[in-house]
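Trainee: I would like to go through the labels used for this model and see what each one rests on. Could we take them in turn?

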Amino acid sequence: MTSESSKNEGLGRYGEPATLILISLAEGPKHGYAIMVDVEKQMGVTIGPGTLYAAISKLLKQGFIRPLPSSDRARPYEITPSGREVMAAFLKTWAPIVKIGQARLA
């Protein structure tokens, strides 16, 4: 198994919501609600609070994101360097798959 495939397996079954969260946080730190709004506006995907916070919890445990200090209830998160690596590996894997799928649909 290559390290790249290991990184992809690191996202496991929650890969889609986790990837959307990582993509959102790649732009800069955000709290949960801001992540949901960004993902819906920019990517056209709705993530419910249960799915969002389950994925955030797993991303935190794996060290792909980290919480930032907050002065109120809304806790912001930021992507870590290892989160950027796993996001890049996931996107690298899926880019040719998406390209093939689009070509076959054309």
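Predicted model: local features only at pLDDT ≥ 70, side-chain atom pairs only at ≥ 80, totals over all residues.

Trainee: What does the protein chain consist of, and in what order do the elements run?

Mentor: The protein chain has five helices and three strands. Starting at the N terminus, the order is α-α-β-α-α-β-β-α. Of its 106 residues, 34% are buried. The exposed surface comes to about 6,700 Å², with 58% of that supplied by carbon and sulfur atoms.

Trainee: How much of the contact in the protein chain is between residues 24 or more positions apart?

Mentor: Among contacts with a separation of 6 or more, such residues account for 50%.

Trainee: Why are α3 and α4 called roughly perpendicular?

Mentor: Two packed helices are described by the angle between their axes and the distance between the axes. Here the axes of α3 (residues 32-43) and α4 (residues 49-61) cross at roughly 115 degrees and come within 11 Å. The class of roughly perpendicular covers 65 to 115 degrees, so α3 and α4 are placed in it. The crossing of α3 and α4 is right-handed.

Trainee: Which residues meet where α3 and α4 are in contact, and what classes do they belong to?

Mentor: From α3 there are Gly-32, Tyr-33, Ile-35 and Met-36, and from α4 there are Pro-49, Leu-52, Tyr-53 and Ile-56. By class, that contact has seven nonpolar residues, one polar and no charged ones. Gly counts as polar.

Trainee: How do you know whether Thr-80 is buried or exposed?

Mentor: Buried means under 20% relative accessible area. Thr-80 has 6% relative accessibility, so Thr-80 counts as buried. Thr-80 is in the loop between β3 (76-79) and α5 (81-105). Setting aside residues up to four places away in sequence, Thr-80 touches Gly-63, Phe-64, Ile-65 and Arg-66.

Trainee: What makes Gly-63 partly exposed?

Mentor: The label applies between the 20% and 50% cut-offs. Gly-63 has 28% relative accessibility and therefore counts as partly exposed. Gly-63 sits in the loop between α4 and β2 (65-67). Apart from neighbours within four places in sequence, the contacts of Gly-63 are Thr-80 and Ser-82. From Gly-63 to Ile-79 the C-alpha distance is 8.8 Å, although the two are 16 residues apart in sequence.

Trainee: And why is Pro-81 called exposed?

Mentor: Exposed means over 50%. Pro-81 has a relative accessible area of 55%, so Pro-81 is exposed. Pro-81 lies in helix α5.

Definitions and conventions:
Residues numbered from 1 in each chain as written. Heavy atoms only, no water. Helix = DSSP H or I, 4+ residues; strand = E, 2+ residues; numbered from the N terminus. Buried < 20%, exposed > 50% of the residue type's maximum accessible area, 1.4 Å probe, protein only. Contact = heavy atoms within 4.5 Å. Areas by Shrake-Rupley, 256 points an atom, 1.4 Å probe, with all protein chains shown as cover. Axes fitted to C-alpha atoms, helices over the stretch in contact; angles between N-to-C directions. Parallel < 35°, antiparallel > 145°, perpendicular 65-115°, else oblique. Left-handed = near helix turned anticlockwise from the far one by under 90°.
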